[in-house]
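Here are my notes on this one, for when you have a minute. Have a look at the model first, then read down the points.

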Amino acid sequence: MHSGLCNFYKIVAYGTRRRLIKTIFKEDSGDLERFVLLAAMSVALMLADARLAQMTLVRSGLVLAATPLQWVVQLPARTARWISDVSTSREFLESENARLTARNMVLEGKSQRLISMEAENIRLRMLLNASDSLDESVMVAEVISVDPDPFTHKIFIDKGSRHGVFKGQPVLGATGLMGQVVQVDPYSSRVLLITDSNHAIPVQVARNGLRAIAIGTSSTMNLELVHVPDTADIRVGDTLISSGMGRRFPSGYPVAVVVDINHHPGRPFAKVRATPTAELDRGRYVLLVFTEQSRTPAQAGAPAAGATETPAEATLPDTGAQ
Amino acid sequence: MEGRPGDNLLIVVSFIVAIVVYNIPLPHVIEYGRPEWISLVLLYWAVALPNRIGLATAWSIGLLLDVLTGAILGRNALAMLLLAFLAHRLYQRLRMFPALQQALIVFLVVGLQLLLLHWIDSFHAVVSPPYFYLIPSLTSALFWPLVYFLLHTARLRAR
């Protein structure tokens, strides 16, 4: 046989073998291109979401589309709640009812005095020409779920833009300030709690009015006061109330109690830790506050007025009663 | 390995279950080690049916998670995309590996994903204390054999 022909056969055989190997271990063609394309799309989306105001429309559309799945996701929590509701015994309910009735009596007694005090306060403020309005209305919202990420402190509530909730709205618990609304969807919204490490709230010491800023530490038990001078008059046990500066939170609500003050000679500021008064990690109901100053002109006439407190809603059980 | 028509339903159901399980509230201490269930399920399908679960699917699932969790749009999309891409590169080897070695790969891949998420977060937020965010990669690796077993038997049953 010709050696040339033999070589030719060899080459053909080699070629087919390589093709065979290629087909067996086929690299998914175009995988890398698609990866790069989709990665670029994600980055573009993130930039757009961070910078463009129009993206809220896109997001609310997506949220509306994902609502059924959202409902399914919250199903276990709802079921657990339903089971605990159904399985509470009659005696427990009766005793709780008695307790709450008694408590309601006490609170109403206190509020009688409050009415006259409030009237007096308004008169005094009028004398001082102060334009601080005290009439704040609230709306009760139920906590549906909690963000699963342990590093972000967010809760999900069942009232949304259809109920008049707006971005930046202050949220109260039964015993103190809880946080603010950061994202509003049509039928639900997300609340950033004051203990989230991305949250800061202007406060003042109730005793003497010393101002400070309390930032979250991503632990449910701790807030940290920043830039408090070493010589500042602040003590363990002091109650911190919202100062109303920054115009986001109404003034005068309890925020936290100082638990630890650490003076370090090497540091310019004292290290002050405080525990939130609101029970941030329990409780089922929260209050959304509508204040005159927090309501922007566009929202002042919006459905907020119709959705605000009615006597029936106000008699809902207390937060953190369990 | 070509997919069967019955697999489609199983894929959808498994993802929904993963999302639901991921969102179940846990006690505070265990919370830090919450396995990345959705990533594990995606990893399984990307290895088992790489032709069915492509990069676009993974990206869409990530986007859905962004919408559900209220994160910045594209955050989870990019992370899931990375996961699927790595899975597509590794699937032939991963199928051959014994369980322990698979778990090691899962640890690395999920760890990379968490690193990416942390990195994205660090651009626009104050982020968590160092290295805590990597704990889920360890628990994910521990739970990988369970996820693999469950989905595998479910697929065999569905036939």
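1. Some terms before the cores: a nonpolar core here is a set of buried Ala, Val, Leu, Ile, Met, Phe, Trp, Tyr and Cys residues joined through C-beta atoms within 7 Å. Buried is for residues with 20 or more other C-beta atoms within 10 Å of their own, exposed for 12 or fewer, partly exposed in between, with C-beta atoms placed from the backbone.

2. Housekeeping: this is a predicted model, with local features needing pLDDT of at least 70 and side-chain atom pairs counting only at pLDDT 80 or more, while totals for chains, interfaces and linings use all residues. Residues are numbered from 1 along each chain as its sequence is written, and chains are lettered from A, ligands numbered from 1, in the order in which they are written.

3. The largest nonpolar core has 52 residues, and the ones with the most contacts inside it are L42(B), A58(B), L81(B), L83(B) and A84(B). Helix 2 (31–51) of chain A puts at least two residues into this core, and so do helix 1, helix 3 (37–48), helix 4, helix 5, helix 6 (99–124) and helix 7 (135–158) of chain B. Helices (H or I, at least four residues) and strands (E, at least two) are DSSP runs, numbered from the N terminus.

4. What does L42(B) touch, leaving aside its neighbours within four places in sequence? L42(B) is in contact with A58(B), I61(B), M80(B), L83(B) and A84(B). Contact means that the C-beta atoms of two residues, placed from the backbone, lie within 7 Å.

5. Chain B has seven helices and zero strands. Its radius of gyration is 15 Å, close to the 15 Å that the globule rule gives for 159 residues, so chain B is as compact as a globular protein of that length. (The radius is taken over C-alpha atoms; the rule is 2.2 Å times the number of residues to the power 0.38.) The C-alpha trace of chain B spans about 50 × 30 × 30 Å along its principal axes, and 43% of the 159 residues count as buried. Of the chain B contacts between residues at least 6 apart in sequence, 67% join residues at least 24 apart.

6. On to the A–B contact, which takes 34 residues from chain A and 32 residues from chain B. On the chain B side, helix 1 (5–22), helix 4 (55–69) and helix 5 (75–96) each supply at least two residues. That side divides into 23 nonpolar, six polar and three charged residues. Nonpolar covers Ala, Val, Leu, Ile, Met, Phe, Trp, Tyr, Cys and Pro; charged covers Asp, Glu, Lys and Arg; the others, Gly among them, are polar.

7. In chain A, six strands close into an antiparallel barrel in the order 1-2-5-4-3-12. Two strands pair if DSSP finds at least two bridges between them. Strand 12 (residues 285–290) has five of its six residues buried. Strand 12 pairs antiparallel with strand 1 (residues 137–146) over six bridges and with strand 3 (residues 170–172) over two. L288(A) is the bridge partner of M139(A) and also of V171(A).

8. Chain A also has a closed barrel of six strands running 6-7-8-11-10-9, again with antiparallel pairing. Three bridges join strand 9 (residues 239–242) to strand 10 (residues 254–262), where V257(A) is the bridge partner of T239(A).
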